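We will go stop by stop.

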Amino acid sequence: MIRSYLILLTFSCASLAKAQPSSILGADDLDYYLFQAFQAAGPNNRVRLNHIGVQVQQTDNGFLVTAAMEDYPAHRAGINRGDIIETAEGRPFHPVYSFNNAEDFNKGYSPVSNSYNLVVRRNQNRMNLTLRPVFENLYDSYRTATINSIQEFSAGNKVVGYVRFWALSRNSNDLVTYRNLIDELDHCDGLIIDLRNSYGFLDLQHLDKIFPSRDSYFDISGFTDALSNLANPSSAVDTKQYRKPIAVLINSETRGGPELFAYQLGKLGRSIILGDRSTGELGTYLESARDGTEILIYQPAESLLIDNNSIEGTGVETDRIVEYPFEQTSRGDPQYNAAMNALMGII
């Protein structure tokens, strides 16, 4: 059993992956660029592409938007979660190939300078929107969207802080940014940590900003033979903690390190987890090739136990289920509203 080790999403040892792959991602899948960027050896190895800052699911008549990243082209154009993007420039929309030439994948995509007309359906209404993609790797985009998400709300004589962690990163600079971000919201009477649709790596320093000690941190077991493949233990940083009530939002698209983050936050007596059960995806995507093109094959971490329990394939439970189907386009966010109400009850 191992306590207080740096938690990496990218467990690479075969002992973590005894089951058959559950999914294969190629260049035509937007998630490929997300996982590739987070697992890349360095900044120069992250694949850049033209994108509009959405997460999507394919439907019969287009792509359903499950999340729109703050201050990215889709968000600025008014595209919301629950919208269906039907066409781009009069052709069926594709989140990758509407803005990138498929033939350029192996040599690298090129930035586009033109704007695109998209037809977006919201319920029975169609909107014609014009927007210009950004040219970035998704590692950088997710970090930027996290910074863009920070808000504060007044509720009576109380102030509630909000941050959507689109990504968690163990990069040293990102950990400094994370600590500064929590410090920026330290004056708030309560904090909403939104982990919906999030991905990334968890470092113990993420927890150190909230927990007064590491005594209650979860234990990892089931892969002691892979210990040499893990990073060194993460050293504790001398820092003040956020000690006020916290509401945590998760959903069926919360994956990897953020799932462990939510699990540990659930141990706080001053926290509550709301939303939907998370994905249960703590394994790794291994690089392979098919027809001369790189693909990623998911290897589930079936032997990985967190506090003697398996999260792989089952996910993290909420303290309170608050339904919010991706297809729901009515105004308001019931999960956020529930988090605000829960916080005010605790405060």
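Start by selecting strand E7 (residues 91-92) with strand E6: they pair in the antiparallel sense over two bridges. Helices (H or I, at least four residues) and strands (E, at least two) are DSSP runs, numbered from the N terminus, and two strands pair if DSSP finds at least two bridges between them. Zoom in on Ala88, whose bridge partner in E7 is Arg91. E6 and E7 make a hairpin with two residues between them, and Glu89 in that turn has a positive phi of about 55 degrees.

A word on what you are looking at: this is a predicted model, where local features need pLDDT of at least 70 and side-chain atom pairs count only at pLDDT 80 or more, while totals for chains, interfaces and linings use all residues. Residues are numbered from 1 along each chain as its sequence is written, and side-chain values use heavy atoms, with hydrogens and water left out.

Now stay with E6 and look at its other partners. Strand E8 (residues 116-122) is joined to E6 by four bridges and runs antiparallel to it; select Thr87 and you will find Val119 as its bridge partner in E8. Strand E5 (residues 62-68) is also antiparallel to E6, with two bridges, and here Leu64 stands opposite Ile84. Is E6 (residues 84-88) enclosed or open? Four of its five residues are buried, so the strand is largely enclosed by the rest of the structure. Buried means under 20% relative accessible area, exposed over 50%, and partly exposed in between (1.4 Å probe, protein chains only).

Next, select Ser23, in the loop between strand E1 (2-3) and strand E2 (24-25). Ser23 is partly exposed, with a relative accessible area of 25%. What does Ser23 touch beyond its neighbours within four places in sequence? Its contacts (heavy atoms within 4.5 Å) are Tyr285, Leu296, Ile297 and Tyr298. Tyr285 is 262 residues away along the chain, yet the two C-alpha atoms are separated by 9.1 Å. Show the side chains, and you will see a polar contact between Ser23 and Tyr285 at 3.4 Å. A polar contact is a pair of N or O atoms within 3.5 Å; within protein, one must be able to donate a hydrogen and the other to accept it, and residues adjacent in sequence count only if both atoms are side-chain atoms.

From there, select the open, antiparallel sheet of three strands in the order E2-E20-E19. Its edges are E2 and strand E19 (284-290), each pairing on one side only. Seven bridges join E19 to strand E20 (residues 293-299), with Ser288 opposite Ile295.

For the last stop, turn to the largest pocket, with about 650 Å³ of space. On a 1 Å grid over the protein atoms alone, a pocket is an open set of points where a 1.4 Å probe fits, with protein on both sides within 12 Å along at least five of seven lines; lining residues have an atom within 4 Å of a point. Grid points are joined across faces, edges and corners, and the volume is the space filled by probe spheres set on the points. Of its 28 lining residues, those closest to the centre are Asn80, Arg81, Arg164, Tyr324 and Asp333. Finish on E5, which gives the most to this lining, with three residues.
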